[in-house]
Structure formats: C-alpha cells, structure tokens
Amino acid sequence: MSAEATNSATPGPVAGPVTPAVSRRKARARIDLRRLGRAALLGPAARGRLPDAISHVVDAHRAHHPDADLEPLRRAYVLAESSHRGQMRKSGEPYITHPLAVTLILAELGAETTTLTASLLHDTVEDTDVTLDQVGEQFGAEVRFLVDGVTKLEKVDYGAAAEPETFRKMLVATGNDVRVMSIKLADRLHNMRTLGVMRPEKQARIAKVTRDVLIPLAERLGVQALKTELEDLVFAILHPDEYKHTRELIVDNASRADDPLAETADAVRKVLREAGIQAEVLIRPRHFVSVHRVSRKRGRLRGADFGRLLVLVNEDADCYGVLGELHTCMTPVVSEFKDFIAVPKFNLYQSLHTAVAREDGQVTEVLIRTHQMHKVAEAGVVALGNPYAPPSEEQVAASDGERADPTRPGWLSRLLDWQEAAPDPDTFWSTLREDLAQDREITVFRPDGGTLGLPEGATCVDAAYAQYGEDAHACIGARVNGRLATLSTVLRDGDTVQLLMGQDPASEPSREWLEHAHTPAARIAIQRWLAAHPSQGDAPGAEETRVLFRPTADGSAGQEAGAEGQAVRPAVEGPAGRSANADVLVDQPGATVRLAGCCTPVPPDEVTGFSVRGGVVTVHRVECAAVGRMKGAGRAEVGVRWGDTTECRVTLVAESFVRPHLLADLTEAMALEGAEIVSATVEPPSQQRVRHTYTVQLPDAALLPGLMRAMRNVGGVYDVSRAQPQTQGA
C-alpha cells in the first residue's frame, strides 16, 4: 500500500498551493474524497451499469473522448474496488479513493481509455492478491504492461536499493511505453496533495525525490499541468518560509483595486478584434514557484508580474498574425521574443513568447499558441492519447503539421543507454538526478543526415559515446561543421559533427576526457574503462595529441600536434634526410648524405655539398647562408645533384594571426594536399600573432607550390615560406 497516501482533508503544509494551478487549468473543483469513499463502499453497480463512484472520471473522460468505450473502466473499477476492499488510507478513508483520484487527474488531462484502465488498477498487484497474469487475462497485454511498469519493487527483496531500482524498472518500462510515467506522475501528484499528516522528515524525503526526479521527468514529458502543481507542493514543504511570503504576495495582489493584467487583456482583445483575428485572450496567473522566481529576479513585484496573458487561436498562421498586430499596435519588448513554434522545445512545447510594455512601465508577458498547442503544452504526452496507435484521419487533420510525439525521446534513449552500464544502484540514483538536472537539449547532425540529441553543454566526447557507445574509445578527433576540432569542443544546437575513428582495436580513452564528458553515458563508459585499466589512459594531453596523428609511410607515428601556442616535439625523432643513393647523387663514393636542416633543400633546388665529420656530406641550397660561412672556413665543396626520385622532405614556416581552430585548419589543408607531417612546432603567440613550423614529406616535389598556396588560403594565415637559413653553419 502506498506509504504516501494520507488524508486529503487533514490540514497540512501542502494544502494551499493547489488553487492557482487548478484554476489556471480551468479544471473542475476538487473532488470530495470522503464522498468518493462512501460511494466506493456501496460496492460494484449492476452489470452493464457504471458505478456512481467513477461518474466524475467518466464525465472528464467523455469531455476529451466522447466516443470512448467505457466498459473497460467499469470492469477495472469493479476489480480495483473489490480487491482493495477493507484496505484503508492512513486517514481512515477507503483505499479505493486513491486510484480513483489518480485516474481523475489523468482523465482531466485527456488520457485515453487504456491509460485510465491501468490507472484504476495501478496498485492492485502491489497491494492486493491480484496478479499480473490476472490483469493481462482480463484487460490485455497493454494494461498488464502499464500496471507492471508502475508496480514498486519490494524492500524485503531489495533493501535500501528498492527505490532506485524501482525507478530504474519504471524508466525502462517508460522506454517502451511513455504512458507508464504518466500514471506514475499522476500517482505522485495525488500523494503529494494528501501528504499533510506524514511526519515532517518523511514529507521532506518524499518532496526531495519529487523535486529531483519526478518534476524533471514531468518537464521532459511536457506535462506542465502536473509539473507546476508538483513544484508548488514541494515548495511548500521544503521552503515553508518562502512559500508563506509568496502566498502573502499573491493574496495582497488579489486585493488590489486595479488589475493591470485585465486592462492589458482588454487592450489586446480590442487590437485583435479590429484586425479581424478570432482569438481567445485569457489571464494566466503564475503559480507559486513562478511568482517566487520572478520576485527574486525583479525585486518588488508589480501587478503585471503576477500573471501572463494567453492568446489562443485556431491556426499556426494566426499566431504570427497576433504577434504582428501586438508588435505594431503596442510597445513590444523585443528581447522577450521567443519562437517555440518554428523551433519546438524537446518536450513537445510550442508557443510564441513576447511581451508588451504599458505606459506606466509595467511589462506584460504574452503567450500565443493554437488550441491544439495549448492542449499539448498542458498535458504533454498525456494529450497524445495512445502514441503507438496509428493516427486517425481526424487526428491528422487536427494536428495541421504540428510536431508529433517521438515514442522514444532523445533524452529517454540516452538515459536508457547509460542506466544499463551503471554498476550499482547508488551510481544509478546519483547519476539519474544529475542527468535530470540538465533541463535543455540540443540537436546535432551526423554527416549521413541522422541526428543526435544531447544535453546543452555537450562536447564531441559526448557525441562520440552517444553514437558509438564504448566503441568511442577509438575516437581520435572530430570535424564540427566541416572543420577539425578537438574532442573537448562544446557543441551548439544545429552543428554537424563527423567523428573520426581510429583503426586500432586497442585504442584507449584519455583520463582527460572525463573533464569534457557532460553526459552520464560518456562518463560511465570512460570510468569503467579506466577502472579496468588503472595503469593506462593517464597520458596528459592525450586527446589534443591524438586528434592530429597521422601514420608515416613506414608505419611509425607521424605527427603529434598539441594545442595552439604550445611547442610540440615530433613523436619519433629521426634523421633529417633520407637515403643518399635514393635521392641525391654525390661525387664522393661511400659518403653518407644528409639534407641540411637549416635550409631543407628539395628538388629542383640548386644544391651544393660539404664534407663534415664522420664521412657525412651535408647538402645545402646554394643561397643558404651556411654555404658562405663554410667556404670562408676553407671547407671543400663536394659535387651533388638530385637523383631520379621525386619525393622530398621540406620545412615550412607559416605566419598567422591568432584565432580558434587555426592549427586544425592548417593541418587539414596540408593533409588534403598530400603532405605527410613529420614534425610540428607552434610557438607561443606574441602580439596576437603565431608562428608554425612544419617539416613535411611530399610524394612529389612538384606538389610543394600547391601546398604552400593551400596553406596561405587558410583564414588568418598571412605568409608561408620555406625555412630560413640559420645563422650557424652545419
């Protein structure tokens, strides 16, 4: 039996905040649960006749679904009443009043018959001798699944893990049918409404779980009517002093002789009437938490701060027509404009938001939406009926192209993915609360046209694990909107992300990735790998270096480039020149040839050579400053000339202004020209300028002019040249 269920008629700290939320939704008066309790004791009605106890549910259901078959509701009530008979709530009321009240909440929101049937039965398996098999036999597989989804796990079996594991089970069930969570939210709302006689410490515990888990879930499912009332009830329990002060503000404002909201509403009606736009203009009082937030933001509140205007129209186009008239005939506050019709929120919400200023300086916020948008804004997924049934022709016509409900929203898919990897209930519980605290979502696009839904603030690390799961350990970088980017890059709504995956099956994540992982899926996957490989994944800066690795022709590591402004050493130190006989012909038999690093000669440069220690001949460009010094020192020249090979290695210097992603853009341009980067050095910026030095291997010396031209075409680069001769001899 639900521990939260107590007497609704008993005075308690949560009795007050319900009124504004209910009136705002234009709901019927609160049902007298004592009267429902007496009706429940009368037992089932005659077969084929609806029991009086569910007449309120039927009336609310008929308002949304006039042609609904009520027989399942009748049979569900008969089973629920008979199975709960003799069970009492803590207040002494018959227990059947609780499932009746939960079902009424859902009926008022527009839930379809299957959801209401399961709602009437939602506690039978948990608290009575009724089994899931019996529910399935009498009401079908859908109702059985919904009842199973909201049935709690026993503490006797799970101990302290019962609550987190119950939520895990419920979320998994929600992944298959979002109506599971609809029933749970209505169940929690009624229990919060009737929490008055609980011990204060138990009230606080339940309120905190509601705040951290249930309210964010209501927000994500778009059920604003439940979310706002839950917020007020939690506010009253956890912050009684602030709640009392807010209540006094609302009462004082209600006693004012003038009502600026009513005056502005009349002005808006006049403007729209003269424009010939048919619209309904309503005053929408703020709920308690909203008033509290506005008072903290603005300080002293004025009359227009206690509510907003809601303008309801028939067509999408009328929304923009209303907006145009208000901005033309009244004084708009442009900074307050938001278009959630063109770009709906991830929880189905669609509306235009704007604000107009009065002559006395008061600002009135205005919401503009269609009637269908308003229904979805209030009830979210509940208003969609059965989201898994094909829509009727009437529903298609009524939707008028408005956004349909995804049966697996992006946030829910991500949650289901990472919960599987959570190693224990404590990790799941803490990570769930943290995940649900991220209340905004972005959409990024993959090159193949697919999308990834991520929380705001997500990085390329998060995108990698969202797309590839634990295979993302092999990610070596990313392109964001076509440009190379580090894995720490924060993504924005609408970005296109191409993830670059390494081919090495032994690839490993960097410990530093944890600093950039914003999603639970990424953090849990990285932590699991690091826990299994405690001696690996610790190399500092691993992400920055791996982004730009390219293998050389002989299979060794080619380049290791770091963040801009940092000096970087090549991954593998090697000789500056290549095999003498392959590239350069020298008039000194048996000599070893080395291409000078000071001037990096390449074909078809005019070259000369000098003998140095160890029988080595160094090859310089004839204009190299070192040549004159060597001649002055009496060094004998050695005749050298280029062989048949066209390969070359050359050092280039790029001078550029400092800007984000410059290093990534340069290296990408070089790679596209066929250059293999052997080493790279980026000097610390000076006066907003930075110097890059690259030693590259080209398959053909004829590619060098094109390479230098491509580097100069990179934004911010103002010069590219061959390495200048150094001041000391070879």
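Q: Is aspartate 266 buried, partly exposed or exposed?

A: Read relative accessibility against two cut-offs: buried is under 20%, exposed is over 50%, and partly exposed is in between. Aspartate 266 has 47% relative accessibility, so it counts as partly exposed. Keep in mind that this is a predicted model.

Q: Where does aspartate 266 lie?

A: Aspartate 266 is in helix α16, which covers residues 260-275.

Q: How far apart in space are aspartate 266 and valine 281?

A: Compare sequence separation with spatial distance. Aspartate 266 and valine 281 are separated by 15 residues in sequence, and their C-alpha atoms lie 8.5 Å apart.

Q: What is the phi of asparagine 481?

A: Asparagine 481 is not glycine, yet its phi is positive, near 55°. Asparagine 481 sits in the loop that joins β9 (475-480) and β10 (483-485). With a relative accessible area of 47%, asparagine 481 is partly exposed.

Q: How many residues has the largest nonpolar core?

A: Start from the general idea. Nonpolar side chains in soluble globular proteins tend to be buried together. Here the largest nonpolar core holds 78 residues. Leu121, Met192 and Leu432 have the most contacts inside this core. Helix α13 (residues 200-220) supplies the largest share, eight residues.

Q: At what angle do the axes of helix α5 and helix α6 cross?

A: Take the distance between the axes, then the angle. Helix α5 (residues 97-109) and helix α6 (residues 113-120) have axes that come within 8 Å and cross at roughly 160°. Angles over 145 degrees count as roughly antiparallel. α5 and α6 are therefore roughly antiparallel to each other. The crossing of α5 past α6 is right-handed.

Q: Which residues of α5 and α6 make the contact?

A: On α5, they are Pro99, Leu100, Val102, Thr103, Leu106 and Ala107. On α6, they are Thr115, Leu116, Ser119 and Leu120.

Q: In which sense do β14 and β16 pair?

A: Strand β14 (residues 607-612) pairs with β16 in the antiparallel sense, over two bridges. For a residue-level check, glutamate 637 in β16 is the bridge partner of phenylalanine 610.

Q: What is the order of strands in the open sheet with antiparallel pairing?

A: Four strands form this open sheet, in the order β19-β20-β18-β21. Its edge strands, β19 (676-682) and β21 (717-722), each pair on one side only. Ignoring direction, neighbouring strands are turned by 20° against each other on average.

Q: How many bridges join β19 to β20?

A: Six bridges join β19 to strand β20 (residues 689-698), and these strands run antiparallel. Glutamate 676 stands opposite glutamine 697 in β20.

Q: Which strands does helix α29 lie across, and which does helix α30?

A: Note the strands, then the angle. Helix α29 (residues 662-672) lies across β18 (648-657), β19, β20 and β21, at about 25° to β20. Helix α30 (residues 704-712) lies across β18, β20 and β21, at about 155° to β21.

Definitions and conventions. Residues numbered from 1 in each chain as written. Predicted model: local features only at pLDDT ≥ 70, side-chain atom pairs only at ≥ 80, totals over all residues. Heavy atoms only, no water. Pairing = 2+ DSSP bridges. Axes fitted to C-alpha atoms, helices over the stretch in contact; angles between N-to-C directions. Contact = heavy atoms within 4.5 Å. Core = buried A, V, L, I, M, F, W, Y, C linked by side-chain atoms within 4.5 Å. Buried < 20%, exposed > 50% of the residue type's maximum accessible area, 1.4 Å probe, protein only. Parallel < 35°, antiparallel > 145°, perpendicular 65-115°, else oblique. Left-handed = near helix turned anticlockwise from the far one by under 90°.
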